[in-house]
Amino acid sequence: MNRPRIVIEKDPDAVAAAAARNWLRLAREAVSEQGVFHVALSGGSTPRRLHAALAAAAPPPPWAAVEAWFGDERCVPPDDPESNYRMARETLFDRVPIAPGHIHPILCSPADCRRAAHAYARTLAARLPAAAGGMPRLDLAVLGMGPDGHTASLFPGSCILSETERPAAAVYVDRLKAWRVSLTRPLLEAARHLMFIVTGADKAPAVARALATPHDPAGLPVQRLAPAGEVTWYLDAAAAAGLEETRP
Ligand SMILES: O=C(O)[C@H](O)[C@@H](O)[C@H](O)[C@H](O)COP(=O)(O)O
């Protein structure tokens, strides 16, 4: 397992610009190698700046060959203010010439999230190449992290953390009293590249813990991941504040 590369920038805008440069590089390389770039977008609020940087990129990436997936989704309608798809549509898809058929939202409601997860897993398997272990292989998964060390919808203590077979699963998040559909650990671990984008002082303790021991099966959800591919963390100074104390 590769040691993560850590990029620290002064503020969230500089973090988004640095992450966008790497996103664009990976997109161009993937399209040049295989004619397509399969990327899973993160939910939450942090990706808004990244999406703005991608929409403004000049020269633009080869949007016609980009396929956009989602790391997770809240089980709400696609026009709900909580929807990760709505956030991505407003901040990215409506601003770039990505083909509508290349956007893969997770369409789920609380009543059918298991079916939605199963359908998403089937679509992933049908459209993505298979990694060595048979899991669908993303070229890039963009991930955020909460102060509790969750990523996608892999929350502490959640049963989905033990999923080893399915690429996507439905999960009830007790603390949120809400259903979600999320990519699973094996799917994320099979990706060619993982990119964490984490900003803000509230996340500094979890960042320090996660990067002190990048893989700890008993640790935070982000530490439970054992990625086969390259991992890069993009942090602002506030989120990286605890790192100096832990780095040798
Ligand atoms: O659906 C979601 O909310 C995300 O998948 C989640 O894992 C997010 O990345 C973190 O909670 C960080 O969220 P912020 O970027 O808003 O801090």
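**Reading rings, helices and sheets**

Trainee: How many aromatic pairs are there in this model, and by which rule?

Mentor: The count comes to eight aromatic pairs. The rule takes the rings of Phe, Tyr and Trp (its six-membered ring) and pairs those with centres within 6.5 Å; planes under 30 degrees apart are stacked, over 60 edge-to-face, and the rest tilted. Keep in mind that this is a predicted model, where local features need pLDDT of at least 70 and side-chain atom pairs count only at pLDDT 80 or more, while totals for chains, interfaces and linings use all residues. Residues are numbered from 1 along each chain as its sequence is written, and side-chain values use heavy atoms, with hydrogens and water left out.

Trainee: How do I read the pair W23 and W63, and why is it tilted?

Mentor: A pair of aromatic rings is described by the distance of the centres and the angle of the planes. Here the centres of the W23 and W63 rings are 5.6 Å apart and the planes stand at 45°, so this pair is tilted. W23 sits in helix α1 (residues 12-34) and W63 in the loop between α2 (47-55) and β3 (66-70), so the pair ties together parts 40 residues apart in sequence. For these elements, helices (H or I, at least four residues) and strands (E, at least two) are DSSP runs, numbered from the N terminus.

Trainee: Are W23 and W63 buried or exposed?

Mentor: Both W23 and W63 are buried; that term means under 20% relative accessible area, with exposed over 50% and partly exposed in between (1.4 Å probe, protein chains only). An edge-to-face case is F70 with F93, at 6.2 Å centre to centre and 85° between the planes. F70 belongs to strand β3 and F93 to the loop between α3 (84-91) and α4 (113-127), 23 residues apart, so to speak a link between distant parts of the chain. F70 and F93 are both buried. As for clusters, ring pairs join W23, F37 and W63 into one.

Trainee: What span does α1 reach, and what caps its N-terminal end?

Mentor: The expected span of a helix is 1.5 Å times one less than its number of residues. With 23 residues, α1 reaches 32 Å from its first C-alpha to its last, close to the expected 33 Å. At the N-terminal end, D11 is the cap: one of its side-chain oxygens lies 3.2 Å from the backbone nitrogen of D13. Just after α1, G35 has a positive phi of about 80°.

Trainee: In what order do the six strands of the open sheet stand?

Mentor: Strands pair if DSSP finds at least two bridges between them. In this parallel sheet, the order is β1-β9-β8-β5-β2-β3. The edges are β1 (5-9) and β3, each with a single partner strand, so one side of each has no neighbour in the sheet. Neighbouring strands are turned by 20° against each other on average, direction ignored. Looking inside the sheet, β2 (residues 37-41) and β5 (residues 140-143) pair in the parallel sense over two bridges, with A141 of β5 as the bridge partner of A40.

Trainee: Which strands make up the antiparallel sheet?

Mentor: This open sheet has three strands in the order β4-β7-β6. Its edge strands, β4 (72-74) and β6 (168-173), each pair on one side only, and the twist averages 25° from one strand to the next. β6 and β7 (residues 178-183) run antiparallel and are joined by six bridges; V171 stands opposite R180 in β7. Helix α4 lies across β6 and β7, at about 150° to β6. In α4 you will find A125, partly exposed with a relative accessible area of 48%.

Methods
Polar contact = N/O pair within 3.5 Å; in protein donor to acceptor, adjacent residues only side chain to side chain. Axes fitted to C-alpha atoms, helices over the stretch in contact; angles between N-to-C directions. Contact = heavy atoms within 4.5 Å.
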